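Keep the viewer open as you read.

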Amino acid sequence: MGCDTGVKQKRFFIETWGCQMNEEDSEKLSGMLESMGYAKTDIKKEADIIIFNTCCVRENAELKVYGNLGALKNLKKSNPGITIAVCGCMMQQRGIAENIKKRYPFVNLIFGTNNIHRFPELINNAMQSENTIMEVEDDEGEIVEGVPIDRKSKIKALVTIMYGCNNFCTYCVVPYVRGRERSRKSKDILDEVKKLGQDGYKEITLLGQNVNSYGKGLDEDINFAKLLYMLNDVDGIQRIRFMTSHPKDLSDELIDAVKNCNKVCKHIHLPLQSGSTRILKKMNRNYTKEEYLSLADKMKSKIPGLAITTDIIVGFPGETEEDFEETMDVVQRVGFDSAFTFLFSPRDKTPAADMPDQIDDDTKHKRFNRLVDLLNTIGLQKNLKYVGRVVEVLAEGISKNDESKFMGRTDTGKLVNFKAGLDVTGKIVKLRIDEAQTWSLNGELVD
Ligand code: SAH
Ligand code: SF4
């Protein structure tokens, strides 16, 4: 038996809250740390660097961060050598970074969403300093390309195509913490996606708060539909997804692109938020119930088999029983495949936080439960229609619920569990669906 005389490799742990953009930011932080010689660990206690990448879109997300920070106090006491960093959207909110510095003085580094590329320098400074290093930039600055990235999956990749948001929906904090809308040059995106294709990636998800505005302000003749046609030609990539599309400006050109591009998945995530025109107006969403319904109808008729998913907020200030019934009506009429549902959460700086007639928690929860029941019933009906059909599924790996099975998704985004005699991870397989549940399908390989 030899003895290990090597220096132990230093490790980092990252916890990420929030949306896929935060996930992609964490993949960049991982990439930078790996270039600095660190290795990733999933065990917090074993890490030399702990990073919390935060979200502030709803209060719950913030509370989780504070709870987790509190729990680090003892870890830091027993192991003062660890470096703790906190970053992400919460840091971009007025007063939060200062508050964290005061309440959790053991945090070594605080930085925001606009200076992620400066992380290697910041973490080095933090390691050499007795005090908390804090660098939060209000100004978005130029988009920085070429930051190393360590992606979680070897099959599916997240690709941010634009940053920020100009829409200012009255409930939403994103425009305040992620700044104004700005798009990456199409060539930079194309180069990244070509590289992903060469590296064996099969699926990409293009990210932006409102991908329909992609290209505005760029010095080239490009929009989101054109970008899709461009990426559809990239070798190796077999599936293209995107989110999110704002219903107010989803063009016919984009609908045609989704229909015509064979690699673009027949699935659209189209956030409804509310089915009541009155509430939509207060939300500053810029479409009516009828406009949403006719857009959904148009898309369904142009793109056969299209899956539509959505986001809905329950209990926006002033929401009456009638307003809520309008939401239930849209849910019924569109027949969403699935939805993310949220209780309205008042956010600092946003106009909705100060609107009169805030809805009490009990009413919010009751409406929420009714909505979820309806969505589940419709989701199951939709899934049952798959039984007996043969579908193509991109196998992503072992199923989380049953280790004897693989899991993957249809191009419409349905999760399918299935058995296979050999490792099919990363392959598109044909499956006959033999069972449907509310959240997933079961299938069997067909030759
Ligand atoms: N840009 C995306 C959404 C980003 S936030 C879009 O427009 O679709 C993701 C979702 O969080 C939103 O669609 C909304 O449903 C929800 N959300 C945002 N702010 C919220 C708040 N204050 N309370 C509850 N839900 C909220
Ligand atoms: Fe928030 Fe509206 Fe922008 Fe989406 S479009 S990020 S909900 S302000």
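## Overall build

First things first: this is a predicted model. The protein chain carries 12 helices and 19 strands. Its C-alpha trace spans about 65 × 60 × 45 Å along the principal axes. For 447 residues, a compact globule would come out with a radius of gyration near 22 Å, and the protein chain has 23 Å, so the two agree.

How much of the chain is buried? Buried residues make up 53% of the 447 in the protein chain. As for who touches whom, take the contacts with a separation of 6 or more: 73% of them in the protein chain join residues 24 or more positions apart.

## Surface and charge

The protein chain exposes about 20800 Å², and 48% of that comes from carbon and sulfur atoms. On the charge side, the count is 64 positive and 67 negative side chains. The centres of those two sets lie 2 Å apart.

## The cysteines

How many disulfides does the structure hold? The number is 0. C55 is a case in point: C55 is in no disulfide, and the nearest cysteine sulfur, in C56, is 6.0 Å away. With 8% relative accessibility, C55 counts as buried, because anything under 20% falls in that class.

What about C56? Its closest cysteine sulfur belongs to C89, at 5.2 Å. A disulfide needs the two sulfur atoms within 2.5 Å, so that pair is too far apart for a bond. C56 is also buried, at 1% relative accessibility.

## Around K44

Where does K44 sit? Look in the loop between β2 (39-40) and β3 (49-54). K44 has a relative accessibility of 23%, so it counts as partly exposed.

Setting aside neighbours within four places in sequence, K44 is in contact with F13, E15, I50, F52, N68, L72 and L75.

Which residues does a cis peptide bond join here? M243 and T244 are joined by one, with omega at about 10 degrees. T244 is in the loop between β11 (239-243) and α8 (252-260).

Then there are the positive phi values. K349 is not a glycine, yet its phi is positive, at about 80 degrees. You'll find K349 in the loop between β14 (338-343) and α12 (361-384). At a relative accessible area of 44%, K349 is partly exposed. D357 is found in the loop between β14 and α12 too, and it has a positive phi near 60 degrees, again in a residue other than glycine. Is D357 buried or exposed? D357 counts as exposed, with 54% relative accessibility, because the exposed class begins over 50%.

Note on methods. Residues are numbered from 1 along each chain as its sequence is written. Chains are lettered from A and ligands numbered from 1 in the order in which they are written. This is a predicted model: local features need pLDDT of at least 70, side-chain atom pairs count only at pLDDT 80 or more; totals for chains, interfaces and linings use all residues. Side-chain values use heavy atoms; hydrogens and water are left out. Buried means under 20% relative accessible area, exposed over 50%, partly exposed in between (1.4 Å probe, protein chains only). Helices (H or I, at least four residues) and strands (E, at least two) are DSSP runs, numbered from the N terminus. The radius of gyration is taken over C-alpha atoms; the globule rule is 2.2 Å times the number of residues to the power 0.38. Contact means heavy atoms within 4.5 Å. Accessible areas come from the Shrake-Rupley method with a 1.4 Å probe; for residues, only the protein chains shown count as cover. Lys and Arg count as positive and Asp and Glu as negative; His and the chain ends are not counted. The place of a charge is taken as NZ of Lys, CZ of Arg, CG of Asp or CD of Glu.
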